Amino acid sequence: MKPNSLTHKRKYIGIERIQARWGIAFVIPAILFFSLFSFYPILNALYTSLFDKRVLSLLPPTFMGLGNYIYLFKSADFWNSVRATFVFTFGTFMPMVVVSLAFAVFLSLVKNKKVRGMFQIAYYTPAVISSVVAAAIWLLIFDPRGLGNQWVNFILNTPGVDNKWLADATMVQLSTMIVYFWKYIGYFIILFVTGLSTIPSSIYEAATIDGANPWQSFWRITMPLLKPTVVLVSIMAMLQCLKTFGTQYLFVQGGAPRAPINVITLNIYTTGIRNQRIGRASAMSIILFIIMLIFTWVQFRTSKSEEVEY
Amino acid sequence: MKKSIIVLMILALMVPALFAQGAQEQQGPITLKFWTHEDPNRTRIEEKYILEFEAANPNITIERTTQASTKLIELVQTAFAANAGPDIFNLSIEDEFAYIANGRVAPIDPKVIGYANTKALLDTYMDGILDPVTMDGKIYGLPLELTNWCIFINKNVFKSAGLDPEKDYPKTWEDMVKISQKLVIRQGDILVRRGFDFRYPYYLVAFLPMVEQLGGQLISDDGKTAIVNDAAWLKFLTYMQQWGPSGLNLGSPTYKNARSLFNKNNNDIGMATTGLYQIGRIKAENPTFYDSKEWMVVPFPVFEGAVKDVAASFYGHYYMVNAQSNKATQDAAWKFIAFMLSHAEEYLTEVSLIQPTKALMASAAYKNVPYSEVFTKDFERGHIVYYGKSSSEFQTLIRSAVESVMLSGVTPEKALATLKTAAQELLDEQ
């Protein structure tokens, strides 16, 4: 009995090891990819952020410790970028999560498959357009003589009013949010639709038998059971918003004022590429990385305490 | 297994460093990577020169790549940062100077391009033209073009507003406001036709001279103070505030660039600031408008009571050669550049680009270009654009100040205070 059980144990460990090896083999490409394109740049940026390094200089960069970080924390320009990033992020991702959820629920109520498919394609199409093309389209819309003013003036019956989509500090921030919202909402709708489809219909049937109306079903069944998807979507939306660059860059190229929409990524570009201060730009990117890490951690923490299972 | 993963990760981290190694020695046939900005008229003649040069030098192949001028600035810099810059490139001098200052471009060996010495090369060009690319007695670039801007006028637009373009054209910036108010057509607040509008990204070329007319300076003569003469800067910023949508609403950076609209002659714009090359572009894009002669060129205006008569600064695009290319490649690159630039008259007549050699400026070809005398006189009133290690950053700061008064409701006083602090900090860091 004893030798038999030992043999059995050895066999069991062997299979586990073999499985683990295969697992590692499958994971290695991802690790290599991550190491090359994420881990290495992060470490490199962290290292570079400790130096006064100019892009074109062939001289060895001067070590300045935390000098770049100290400079940034004292810089009004950097704090303006932090402000612009937070205004954009909270002004975009919160409405995006709420509205994409509302649209997803609306889609789930549409029974005709063809009509539902048509809506899904319509919502998702902007997500496949590149940021550059999207911003170029919206630059035309926001031109003073473009469709933006024409639509708003037609609806509000205010002919000739220039809403200064790009020529006003507040409006240009709103304009970047509109573009981003339009572009990415379809993507998050698809995620919510997928989340909604995982909720068993038997729960709704039971609730209906028990006398629950659609409103009660939504708040008592859909929302709690959709929580993992809401957390996923809100984290993804927030991280995307924190990394926003293309729209702001193209709007500035199109003549919009830089300061109101000078998000951290745009400031990194200006500092590193235009002004050639790669050390300072690296410090900014590390700060942005830390901000993203903190927000993700906070969202995970706040969502974990109320997990629901069925 | 763990060890092998660690080894793999270390190798993965090392791979980019291996790829980022510098210049490679080249033997045998030479391939020249030549990056330049888009200009269809120039592409046509330069591709012809490439074929001729390759036929005469069978061991040399030239790969010419074009990009939008703003994109090229980033591409060249990123390539140089990775030690993989092109063999030949050109940018505007305010963007190019950093390449000289950082030792990234190779000096010309005059003998390689057929000159006895540096002095002979210098003597070929108008006085001072090679100053921006000369350091420690060595020349690091040859001008593809030297450009100054005057004011192009659409006579049809003037006539439609009851003005005589020959007499009523703006001589001062105050005139520019008055005339623009007459030429402008609005639908409510929206400008359907602008009288004139500025070229907004080019703050060092066309805006700084306006400040200089009022006695202001970007950098003091001793090089220690940035943003000199508050009164001049304030007057300039107030002028721009009044020009913008929150002031007299005569123009804005958010409208389509005036220079591009000018050629179309579709009643969008009355006047635009641009260079001699615009003539070639009008001819190519709208020959009917070109032939109609319903356009003219007048000098760059000055402020009333200006303390200095300064025209728009002239700027140069200089062809440069990568210092990390090997010597044979560098020599081949300079030979090819010299070959292209030996066709100065064709660049002028086909592309309207001025390569300011003494011979060209004295030639009948130059004198026969319409309005060339206006550009020549403005050359004499102007100076080379500000260039230095941080010229691009200074331009960004002036841009922020102008945008803040025009578009963000910031007062000129506050914009000036911000500009002064930032510019001084930048100067002190140099």
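This is a predicted model: local features need pLDDT of at least 70, side-chain atom pairs count only at pLDDT 80 or more; totals for chains, interfaces and linings use all residues.
Look for B:Val410 in the loop that links α19 (391–407) and α20 (412–429) of chain B.

Who does B:Val410 touch, leaving aside neighbours within four places in sequence? The contacts are B:Gln241, B:Ser404, B:Val405 and B:Ala415.

## Where chains A and B meet

Now for the contact between the two chains. Chain A puts in 44 residues and chain B puts in 48 residues. Together they bury about 3900 Å², with carbon and sulfur atoms giving 56% of that area. On the chain A side, A:Leu56, A:Arg145 and A:Arg274 account for 17% of what chain A buries against chain B, more than any other three residues.

## Charges and polar pairs

A:Arg274 turns up again here: this residue makes a salt bridge with B:Asp95, and the closest N and O atoms are 3.8 Å apart. The count of salt bridges between chain A and chain B is five. Polar contacts across the interface come to 15 residue pairs, both partners at pLDDT 80 or more.

Which helices of chain A each supply at least two residues to the side touching chain B? They are α1 (2–48), α6 (147–156), α11 (246–253) and α12 (264–274). The largest share, eight residues, belongs to α1(A). Sorted by class, this side of chain A has 23 nonpolar, 12 polar and nine charged residues.

Note on methods: Residues are numbered from 1 along each chain as its sequence is written. Chains are lettered from A and ligands numbered from 1 in the order in which they are written. Side-chain values use heavy atoms; hydrogens and water are left out. Contact means heavy atoms within 4.5 Å. Buried area is the accessible area (1.4 Å probe) that two parts lose on being put together, summed over both. A salt bridge is a side-chain nitrogen of Lys or Arg within 4 Å of a carboxyl oxygen of Asp or Glu. A polar contact is a pair of N or O atoms within 3.5 Å; within protein, one must be able to donate a hydrogen and the other to accept it, and residues adjacent in sequence count only if both atoms are side-chain atoms. Helices (H or I, at least four residues) and strands (E, at least two) are DSSP runs, numbered from the N terminus. Ala, Val, Leu, Ile, Met, Phe, Trp, Tyr, Cys and Pro count as nonpolar, Asp, Glu, Lys and Arg as charged, and the others, Gly among them, as polar.
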